Amino acid sequence: MATAKKVSAIKNTPKHLLGIQNLSVLEAKEILTEAKSFIKLNRGSSKKLDILRGKTQINLFFEPSTRTQSSFDLAGKRLGVDVMTMNMGNSALKKGETLIDTAMTLNAMHPDIIVIRHQDSGAPNLLSQKVNCTVINAGDGRREHPTQALLDALTIINRKDSIEGLKIAICGDILHSRVARSNIYLMNMLGAEVNVIAPKTLMPRGIDNLGVKSFTDMKKGLDGCDIVMMLRLQNERMQGSFLPSKREYYEFFGLTPEKLKFAKKDALLMHPGPMNRGVEIDTKLADDINVSLVKEQVELGVAVRMACLKLYCK
Amino acid sequence: MATAKKVSAIKNTPKHLLGIQNLSVLEAKEILTEAKSFIKLNRGSSKKLDILRGKTQINLFFEPSTRTQSSFDLAGKRLGVDVMTMNMGNSALKKGETLIDTAMTLNAMHPDIIVIRHQDSGAPNLLSQKVNCTVINAGDGRREHPTQALLDALTIINRKDSIEGLKIAICGDILHSRVARSNIYLMNMLGAEVNVIAPKTLMPRGIDNLGVKSFTDMKKGLDGCDIVMMLRLQNERMQGSFLPSKREYYEFFGLTPEKLKFAKKDALLMHPGPMNRGVEIDTKLADDINVSLVKEQVELGVAVRMACLKLYCK
Amino acid sequence: MATAKKVSAIKNTPKHLLGIQNLSVLEAKEILTEAKSFIKLNRGSSKKLDILRGKTQINLFFEPSTRTQSSFDLAGKRLGVDVMTMNMGNSALKKGETLIDTAMTLNAMHPDIIVIRHQDSGAPNLLSQKVNCTVINAGDGRREHPTQALLDALTIINRKDSIEGLKIAICGDILHSRVARSNIYLMNMLGAEVNVIAPKTLMPRGIDNLGVKSFTDMKKGLDGCDIVMMLRLQNERMQGSFLPSKREYYEFFGLTPEKLKFAKKDALLMHPGPMNRGVEIDTKLADDINVSLVKEQVELGVAVRMACLKLYCK
């Protein structure tokens with residue numbers, strides 16, 4: 001990894017962070033290494049570095065977000081960046097402007113980085129072809145959420161030292177989850193074995209092609225796992241044809257202390273948040289500091305975003 | 001007061017500002033003394049100090065607010081803090097996340113201060129038990145709005161030198177007012193005599209237990225008062241069983257030049273804003289610079305918040 | 001122009017930027033000269049100067065805006081200003097506070113500059129009479145949008161060296177357009193000849209009194225023009241009595257490559273954005289980098305706003 005730092009893999013390759021799929025192992029490891037140094041800074045009394053002073057970051061959020069937007073906002077400010085956040089409910093889009101016109105308008109103001117969240121898969125890729133600044137994907141449709149997977153990896157490494165050889169279960173609404181997709185790519189890339197667990201209606205066809213094993217039974221899927229990643233069940237899936245009821249979902253796929261016993265004895269629990277307590281996860285388990293890494297994920301998220309800003313900013 | 005500054009009362013006690021009720025006289029006086037020094041800074045050409053550089057402040061507003069939110073925002077920025085404001089209409093709460101999950105998420109990002117406004121009485125207290133940063137209450141339900149009372153006290157001291165021995169009337173919707181509650185505690189603590197005046201339907205039962213005299217007649221309640229604090233009458237009280245009509249309210253409880261004559265000759269007028277001109281206050285009186293302290297309250301509000309940020313930030 | 005810089009025209013005159021109408025030629029030229037120096041800064045690697053450190057800027061937007069608000073926000077931040085943006089949907093105005101009360105509240109917090117956009121013509125003027133800081137008009141009703149005209153002028157100068165002697169067409173909804181008004185004043189002042197082109201229902205009466213020639217026929221109006229400024233057609237005009245249909249509007253008044261041929265051979269195209277592609281402008285033409293100055297307008301907009309902040313800030 002020392003070599004990776006001397007000759008930056010990222011500085012020599014395309015300048016956007018659009019998805020884990022577009023990342024090499026070297027690049028992923030470089031971000032994780034860089035992020036480690038920021039964990040300590042964020043825990044200290046003064047959380048400010050001026051290494052990106054004079055740079056401009058625009059957070060372009062087409063979907064509401066608490067944690068991802070805050071995380072990028074603080075990451076930028078702590079590095080001395082001028083950060084401007086745009087919640088695109090209140091905007092020219094209402095006047096009928098297209099995503100591309102909006103992007104090119106903002107691009108003309110010479111930002112160094114645009115962080116984009118968009119409900120359509122592929123929107124950040126489209127954007128990156130139109131602008132001459134760095135684009136960082138903060139979640140696009142069902143496709144990818146690369147910084148989420150990177151912060152999950154950092155959180156695991158922080159506890160287990162390495163991801164190589166671990167067995168990781170990802171459980172819940174795999175079908176609609178960009179978090180699941182990005183994590184499948186990254187955990188595989190870093191040498192983990194990945195199980196996905198979902199009810200049939202929420203399991204994408206052909207998921208096995210991504211190099212995972214798929215299960216519809218928590219007992220089998222969790223067997224021997226070191227890490228259990230629970231996904232958020234969006235309320236809008238509850239009505240309609242995907243699921244019979246919250247209660248039934250909890251019964252079969254909600255993580256409880258009993259079901260967690262199917263995994264390894266020292267298995268750890270993760271969740272990208274926000275959690276539906278009593279739907280996909282037992283509320284006490286979510287707060288159990290011996291098992292739950294939820295808070296650590298949020299904490300290390302800021303460090304990962306600082307690393308991305310530093311490495312992708314020219 | 002010199003002693004109070006040498007050995008800071010606040011640094012030796014709990015680190016949250018949840019209400020005037022939780023404050024000692026020494027602590028209140030320390031904030032007021034500290035605030036005085038910021039009045040001058042805010043009036044100068046350069047309004048920036050870097051004493052809190054490297055600190056992170058999150059404004060977490062569950063109710064919309066112009067003046068309190070702006071005041072905390074500018075207070076933080078002028079001290080060099082990285083400020084992030086979250087208007088929680090547009091947030092994870094819509095996805096069903098609880099206040100506590102939101103708070104713990106933000107806490108994991110290592111803010112130094114969370115400034116919270118919430119519609120539920122006690123929300124800041126609950127929050128303070130869950131986070132390891134400082135919590136400042138910017139208004140919770142009907143309970144407290146401590147920085148409003150502190151800025152009111154500073155405004156009075158700025159004009160009358162001291163609060164000790166003054167007679168202060170608080171008039172209007174006492175029942176629903178956190179401003180009234182915080183001011184009753186603080187003005188009593190600083191040695192004032194407090195009268196509260198309201199129609200029966202807007203007067204809380206047992207208010208006399210707080211050490212005030214209660215009146216339903218402006219003439220009697222204002223008699224001999226040095227300060228007349230008018231409260232905002234929320235429009236939603238106008239319908240329903242609380243009040244017959246705006247016009248009748250104005251007739252009996254709206255502050256007019258005629259009613260102000262019931263108070264002392266040099267009595268001064270205060271209002272926390274936003275004002276309902278022609279409902280609780282005559283519009284000319286509100287703007288009369290010989291009588292109205294309304295603008296000064298807003299001005300000194302920034303100084304008070306700067307003092308709170310400085311003193312409560314570890 | 002060297003003399004203009006030594007003895008600043010702006011520092012010796014009223015301190016608000018309310019409209020081009022209130023500006024002298026010297027003042028307009030001073031802003032444009034100052035803005036030129038910021039173009040380079042914005043294109044560089046570090047886009048930060050601290051010349052306005054310690055100053056406070058409040059962006060007070062009563063209408064939603066992407067580009068103008070972003071532009072002022074970045075302009076302030078890049079000069080080291082503490083910027084606070086207030087989208088006044090979410091505010092005390094909902095509680096019934098007037099514009100003036102809001103303004104005086106904010107004024108009491110000692111901002112150095114208030115940038116205001118408001119749906120009512122004259123709102124910034126009213127505001128400027130009530131506050132003791134600088135007011136910059138970011139668009140008021142149908143009246144003026146002075147920084148838009150200034151950035152349009154800078155864009156033209158950047159390409160054509162001078163505005164003196166040019167022939168400029170402004171086409172579209174002249175009746176409702178503050179951009180048209182500000183540009184008519186400024187381009188006339190700087191020595192251009194101005195044609196306005198609109199359907200009869202969107203042409204204000206007495207427009208000729210402003211020193212322009214008016215046309216209802218694109219062919220005649222564009223004849224011999226160096227610059228073609230297209231205006232946005234607001235969707236709400238489409239229904240009702242102003243226009244028969246989008247399609248008919250595009251047929252007669254939409255700028256197409258064919259209609260552009262009526263202008264000079266090297267004519268350049270401008271649009272204040274956001275564009276309605278296929279309504280007032282052909283989508284390919286809008287993106288044709290040989291003809292369209294749309295991106296440059298946005299880019300130089302930041303430079304113009306930086307110049308205004310610098311010159312109008314005491």
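Q: Which residues of α7(B) are buried?
A: This is a predicted model, where local features need pLDDT of at least 70, side-chain atom pairs count only at pLDDT 80 or more, and totals for chains, interfaces and linings use all residues. Residues are numbered from 1 along each chain as its sequence is written, chains are lettered from A and ligands numbered from 1 in the order written, and side-chain values use heavy atoms, leaving out hydrogens and water. Buried means under 20% relative accessible area, with exposed over 50% and partly exposed in between (1.4 Å probe, protein chains only). For α7(B), that gives B:Arg178, B:Val179, B:Ala180, B:Arg181, B:Ser182, B:Asn183, B:Ile184, B:Tyr185, B:Leu186 and B:Met187.

Q: How far apart are the end C-alpha atoms of helix α7 of chain B?
A: Helices here are DSSP runs (H or I, at least four residues; strands are E, at least two), numbered from the N terminus. The expected span is 1.5 Å times one less than the number of residues, so the 12 residues at 178-189 should span 16 Å. The model agrees, with the ends 17 Å apart.

Q: Which residue caps the N-terminal end of α7(B)?
A: Look for a side-chain oxygen 3.3 Å from the backbone nitrogen of B:Val179. That oxygen belongs to B:Ser177.

Q: Is B:Cys225 buried or exposed?
A: B:Cys225 is in no disulfide either, its nearest cysteine sulfur being that of B:Cys171, 7.6 Å away. Its relative accessibility is 0%, so B:Cys225 counts as buried.

Q: What is the area buried between chain B and chain C?
A: Contact means heavy atoms within 4.5 Å, and it takes 28 residues from chain B and 23 residues from chain C. Buried area is the accessible area (1.4 Å probe) that two parts lose on being put together, summed over both. Carbon and sulfur atoms give 53% of it, and the total is about 2,400 Å².

Q: How many salt bridges are there between chain B and chain C?
A: The rule wants a side-chain nitrogen of Lys or Arg within 4 Å of a carboxyl oxygen of Asp or Glu. C:Asp112 and B:Lys47 meet that way, at 2.9 Å, N to O. Between chain B and chain C, the count is 4.

Methods
Polar contact = N/O pair within 3.5 Å; in protein donor to acceptor, adjacent residues only side chain to side chain. Disulfide = S-S within 2.5 Å.
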